[in-house]
Amino acid sequence: MKFNSLVVAVAATLAAGSALAQSTVSVQGLVDVSAGSIKYSGDTGSKLSVNSGGMTTSWLGFKGVEDIGNGLKVDFALTSFLQADNGQSGRFFGDTLFSRDANVGLSGDFGKVSLGRNLSPNFLPVVIFNPFGDSFNFSPLVLHTWVPNGNFGARTWVNSSAADSGWSNEIIYTTPSFNGLTANIHYQAGEQAGKTGVNNVGANVLYFNGPLALTAYYHQVQVANPTPGAIVDATSTPINYASINYQKSYFVGGSYDLSVAKLFATYSSSKNDSSTGAAMTDKTYSLGAKVPAAGGNVLLAFADTKRSGSLVGADLSRDTFSAGYDYDLSKRTDVYAVAMSDKINTADRASSVAVGIRHKF
């Protein structure tokens with residue numbers, strides 16, 4: 001079934017259900033397209049590209065909530081990533097249709113329980129605590145965490161996080177807010193017969209109090225998702241990343257809004273154990289600032305990763321710096337310009353420049 005036909009069918013079904021249950025159902029989405037010259041360190045050359053998702057990955061979907069009384073609410077989300085530059089669904093070839101969200105939840109005074117495909121425990125800490133947010137093209141911290149250089153089969157640099165930014169087959173419990181402090185506990189079932197101990201688990205905490213915000217997360221990853229791209233799916237030369245079968249990772253971060261500038265800082269460490277007994281450790285720190293200027297924001301961000309261990313052999317390192325300006329045309333539309341410099345110690349430094357427009361609806 002073609003994507004647009006499926007969207008119409010789902011919309012009709014949801015509308016019928018809404019009438020019966022008196023739920024609030026809405027169609028939401030975001031379209032972000034940029035144009036520029038893109039080259040990451042290790043690439044063979046620059047590409048003049050029109051790309052989807054410069055600052056935020058484009059998406060479309062349905063969300064709804066129903067108040068069922070006694071302080072309880074049921075909500076759902078069915079949202080799909082899309083490539084606005086060519087009209088294809090998903091983030092990349094082979095991505096599942098509702099890879100952004102496919103979940104239903106129950107919330108009340110106890111907090112919230114959600115089941116289905118949803119955020120990984122490291123997503124919110126990473127994207128909230130860097131000035132470029134959830135930019136999978138230009139945020140140095142996001143690039144180091146989830147985005148490999150090269151292709152999925154042969155990578156010049158593999159992403160630090162062993163799993164996707166969203167987890168399938170997941171249960172999340174979210175606590176109520178305690179004076180600005182909330183926690184999320186994540187469990188992803190491995191769904192492997194006879195291997196009930198194979199799964200992903202993690203948790204994060206988020207604290208917001210005036211100008212100060214703090215966060216931390218921890219996860220243990222043993223399985224990938226039904227979409228390609230996680231470390232445990234990857235192979236590369238000369239490193240066989242597919243031999244990695246277990247990752248432990250922790251992260252701490254904070255931000256402070258001085259009014260004249262909002263400052264960001266994070267640190268993370270990930271240790272990967274392989275089926276061959278070899279290991280790999282990544283240690284990443286990032287710094288950033290968001291400075292209000294002329295009705296928009298100047299964005300500055302830097303991330304540095306040191307990679308070591310017997311799986312790697314010779315130590316590797318990568319540093320990425322991005323500078324940009326984001327200007328709001330309205331409450332739902334902004335335009336931006338970004339320049340980025342990226343360097344792996346085994347490859348030449350590479351530069352990218354792009355301009356784009358983002359619209360939320």
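The lining of the second largest cavity comprises eight nonpolar, four polar and no charged residues. The structure is a predicted model.

**Exercise 1.** Determine which elements give two or more residues to the lining of the second largest cavity, and which gives the most.

*Solution.* Begin with the cavity itself, whose volume is about 40 Å³. Next, list the residues that line the second largest cavity: Phe129, Asn130, Pro131, Ser139, Pro140, Leu141, Phe264, Ser286, Leu287, Gly288, Ala301 and Phe302. Two or more lining residues come from each of α3, β16 and β17 (296-308). Of the elements, β16 gives the most, with three residues.

**Exercise 2.** State how many cavities of 30 Å³ or more the model contains, and give the volume of the largest cavity.

*Solution.* With the cut-off of 30 Å³, the count is three cavities. The largest cavity has a volume of about 100 Å³.

**Exercise 3.** Describe the lining of the largest cavity by position, by element and by class.

*Solution.* First, position: 17 residues line the largest cavity, and Thr145, Ser160, Tyr217, Ser268 and Ser270 are the closest to its centre. Second, element: at least two residues of this lining are supplied by each of α3 (140-146), β13 (212-221), β14 (244-257), β15 (262-274) and β16 (279-293). Third, class: the lining of the largest cavity holds 12 polar, four nonpolar and one charged residues.

Technical notes
Residues are numbered from 1 along each chain as its sequence is written. This is a predicted model: local features need pLDDT of at least 70, side-chain atom pairs count only at pLDDT 80 or more; totals for chains, interfaces and linings use all residues. Side-chain values use heavy atoms; hydrogens and water are left out. On a 1 Å grid over the protein atoms alone, a cavity is a set of points where a 1.4 Å probe fits but cannot get out, and a pocket is an open set with protein on both sides within 12 Å along at least five of seven lines; lining residues have an atom within 4 Å of a point. Grid points are joined across faces, edges and corners, and a volume is the space filled by probe spheres set on the points. Helices (H or I, at least four residues) and strands (E, at least two) are DSSP runs, numbered from the N terminus. Ala, Val, Leu, Ile, Met, Phe, Trp, Tyr, Cys and Pro count as nonpolar, Asp, Glu, Lys and Arg as charged, and the others, Gly among them, as polar.
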